[in-house]
Each structure stands twice: as C-alpha cells, then as structure tokens.
Amino acid sequence: MYAKGWRCEMFDVEAAFLNAELDTVMYLKWPEAMQELGFISKEQKDKECIKLVRSMYGNVDAALRWQKCFVQTCIEPKGDIQCEQSKVDPCLLIRRDKEGKVKLLVVCYVDDVLLSGTEKEIKLFKTQFKKKYNITDLGKMKKHLGMWYDWKKNENNEPYIHVTMDSMLKDIVQTYEKIIGKEVKK
C-alpha cells in the first residue's frame, strides 16, 4: 500500500548504548593500557575498579537496555514525541493524530531509526528527538538490513521504491555452494 506524500528516512543515534541506564550495579577491571599510558598507577590498578554509571557497548544486554530507553523516550505521555508502542512488534512505534489516524511510523533496529510519514512529521520527530539525543541524520533510506532501496518514479511520475539485495543473495548462494560442495546453476 502506498501512502501519498509519505517518505522514509533514517537516522543513527550517536553512542546509543551509552544513553541507557543500568538497573544493576556493574564494575569493570581497568583496561591494561590505562596503566601503560600513565592514567593510573599499578597500585590503583590492583586495588580499584571502574563502576559503570550507564550501559556500554560490550554489555550483553546493552542493545536491550537502549531499546527500552528509546521506547520510553518515545511513549512518555508528557513528552514531546508521544508515540504508542505496537502490541505486535515492540520495535515499532506509531504516532497518531487526535482522530486516531496514523501520522508517523518509527522503527528502531539497534541504533538505527527508520521514520515513515510526511516530510513535516519526520522533521518534527527528529527535532523533538534531538532535544534528548545526538543523531546523525542519514536522510532518505538507502540501505537497511542488507537491502538497497532505490527511489524511482514510474511513467506517471508516481514514486516507488526498487529494493535489491544482490550482495546478500551472493553471500547466501556462496554459503549454500560451500555446504553442498558444488556450484549452483544460475
């Protein structure tokens, strides 16, 4: 189904995992280089450790913590964004107008966010989201989850998206050929 006037854009949340709160106390050993580079003494390295105040890349649950943080930001009843979380897919958020009509779809995959809606709604969401987080605006969706999106117009000047996944298909075929021990006819 094509929604007239809608577009699909992306942005990346900078250092997303570092924004998530911890709900358990976590400690880390000092990295080896800290002593070698002179930031801490051997005594400090042997007796002290690092207490994390936020989640970090490398934590087993960092992506889950960030997802919860992202959703909470978007669904806050008194916040600027005011989306609702899909009951079917927890990564999908929906913003509706007062009559209940869908104005914007938001999908978060790790730290990449897809927005689908009118240019005005997308711009408004980004502006509101930037009040709390730094983002890298990636513009129109071009590549996501191994698929390439090419924005085109047909003979009636109506927009459509041509989706390809050539490199992913090549990888799948090569893996299959390796498993069966022979080349697949093309």
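These legends accompany several close-up views of a predicted model.

Local features are reported here at pLDDT of at least 70 and side-chain atom pairs only at pLDDT 80 or more, while totals for chains, interfaces and linings use all residues. Numbering starts from 1 along each chain as its sequence is written, and side-chain values use heavy atoms, with hydrogens and water left out.

**View 1. Glutamate 9 and lysine 126 form a salt bridge.**
Let us begin with one of the 14 salt bridges in the structure (a salt bridge being a side-chain nitrogen of Lys or Arg within 4 Å of a carboxyl oxygen of Asp or Glu). The closest N and O atoms of glutamate 9 and lysine 126 are 2.4 Å apart. Glutamate 9 belongs to strand S1 (residues 6–13) and lysine 126 to helix H4 (residues 119–130), so this pair ties together parts that are 117 residues apart in sequence. Helices (H or I, at least four residues) and strands (E, at least two) are DSSP runs, numbered from the N terminus. Glutamate 9 is buried at 11% relative accessible area, and lysine 126 is buried at 5% (buried means under 20% relative accessible area, exposed over 50%, and partly exposed in between, with a 1.4 Å probe and protein chains only).

**View 2. A network of salt bridges links five residues: Arg7, Glu9, Glu119, Lys126 and Asp137.**

**View 3. Glutamate 121 forms salt bridges with arginine 95 and lysine 103.**
For arginine 95 and glutamate 121, the closest N and O atoms are 3.4 Å apart. This pair links distant parts of the chain, with arginine 95 in strand S5 (residues 92–96) and glutamate 121 in helix H4, 26 residues apart. Both of these residues are buried, glutamate 121 having a relative accessible area of 9%. Turning to the other partner, the closest N and O atoms of glutamate 121 and lysine 103 are 3.7 Å apart. Lysine 103 lies in strand S6 (residues 102–109) and glutamate 121 in helix H4, so the pair ties together parts 18 residues apart in sequence. Lysine 103 is partly exposed, at 25% relative accessible area.

**View 4. Three strands form an open antiparallel sheet in the order S9-S10-S11.**
At the edges are strand S9 (143–144) and strand S11 (159–164), each pairing on one side only. Two strands pair if DSSP finds at least two bridges between them. Strand S10 (residues 147–153) and S11 run antiparallel and are joined by six bridges. Look for lysine 152, whose bridge partner in S11 is tyrosine 160.
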